[in-house]
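User: I've got a structure to look at. Can you walk me through it?
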Amino acid sequence: MTSRQAIGLGQPSFVERLYRGYEKIGFLPTMLVALLIVLAIFVPRFLAVQNIFNVLRTSSYLVIVSAGQMLVLIVGGFDLSVGAVVALTSVTSASVMAGLKTSFPDQPGLIVLLGILAGLGSGLAVGLVNGLCVAFLRVSAFIVTLGTMSIATGLALLLTNGIPVYGMPRFYVDSFGRGLWLQLPTAVYLTVAIVAAVWVMQNFTRIGRYIYAIGGNLQAATVSGVRTKSYLILAYSLCSLLASASGLVLTAQIGSGQAVINSQLTLESIAAAVIAGVSLKGGVGKVEMVTLGAFFLLILTDAMDLLKIDPRIQTIFLGCIVVLAVAVEELTKRRTRVV
């Protein structure tokens, strides 16, 4: 006999069991499963192989950027420059590859390597500026990243005059950007590797523990001997490096370097993290949940595209979903604290 039966309450109702299951699984996984079921039933084109590949490829870019955004949110900041870093990386890497093509016509591997390093270097430079200003000058992350967003965007436009940069090695575009390996886009494997690396860092390394400690209580972390300034710089640098990685993959997929490339990435990365339960106050966040958050946003957008819903209405609907997700998560946390 259970304790409920002993006090005369009987077995829990079906609704109660559902609610308990929801509490164990969480809001985001529940919504994602429900969304997939609804789409499979009412939008048959969603299950088309080509559409699934498009969703996986598009989600890859957002997952990578959102993973970096999550690290900055965990330390109590946020980064408005990630979208501009993607564009700057795209322009820098494509320009270097195109410029070296005549100097090293028989060494496409070297050209690609130098282009990738140049793109990652440009992103790292932005991340270092963000981290140094936040850690040592104690400038608001909002102001710093807003400024570097403007600088990176201006540099990307200055380097290209707003004209796409072509001339990258063919194998870089065909193999890395548009190629399939074991019937999956190459970008998917890179995304899985990055998510796995961030997960390991969060759960099994000193860096992960210190990043959580800084976001939870900066003063306590400092008193405990944590080099908070160094880890703040590291968090912003990793965020920009991951944005650069996303920019490299996106550039290879498009086949050109562009100064204006997916301008919504910044807001989408913050939305994916917030939907996934990453606290805007710092100290809370899991990369596996952020991955689900990115998939949820992109699947929802893809479904609305298939249904030919006006893009303006899509923007309103996505905003409502974000607000609803944050509200439900907050109410759940409060209920848990009360219980």
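User: How do helix α6 and helix α12 sit against each other, and at what angle do they cross?
Analyst: The axes of α6 (residues 108–135) and α12 (residues 228–254) come within 7 Å and cross at roughly 150°. Axes here are lines fitted to C-alpha atoms over the stretch in contact, with angles from 0 to 180 degrees between N-to-C directions. Helices are DSSP runs of H or I, at least four residues, numbered from the N terminus; strands are E runs of at least two. This is a predicted model: local features need pLDDT of at least 70, side-chain atom pairs count only at pLDDT 80 or more, and totals for chains, interfaces and linings use all residues. Residues are numbered from 1 along each chain as its sequence is written, and side-chain values use heavy atoms, leaving out hydrogens and water.
User: What does that angle make them?
Analyst: Angles over 145 degrees count as roughly antiparallel, so α6 is roughly antiparallel to α12.
User: Which residue types meet there?
Analyst: The contact of α6 with α12 has 14 nonpolar residues, eight polar and one charged.
User: New topic. Is Gln69 buried or exposed?
Analyst: Gln69 is buried, at 0% relative accessible area. Buried means under 20%, exposed over 50%, partly exposed in between, with a 1.4 Å probe and protein chains only. Gln69 lies in helix α4 (residues 49–74).
User: What does Gln69 touch?
Analyst: Leaving aside residues up to four places away in sequence, Gln69 touches Phe78, Asp79, Val82, Cys239, Thr266, Ser269 and Ile270. Contact means heavy atoms within 4.5 Å.
User: And how many helices and strands does the protein chain have?
Analyst: The protein chain has 15 helices and two strands. Of its 339 residues, 45% are buried.

Notes
Angles under 35 degrees count as roughly parallel, over 145 as roughly antiparallel, 65 to 115 as roughly perpendicular and the rest as oblique. Ala, Val, Leu, Ile, Met, Phe, Trp, Tyr, Cys and Pro count as nonpolar, Asp, Glu, Lys and Arg as charged, and the others, Gly among them, as polar.
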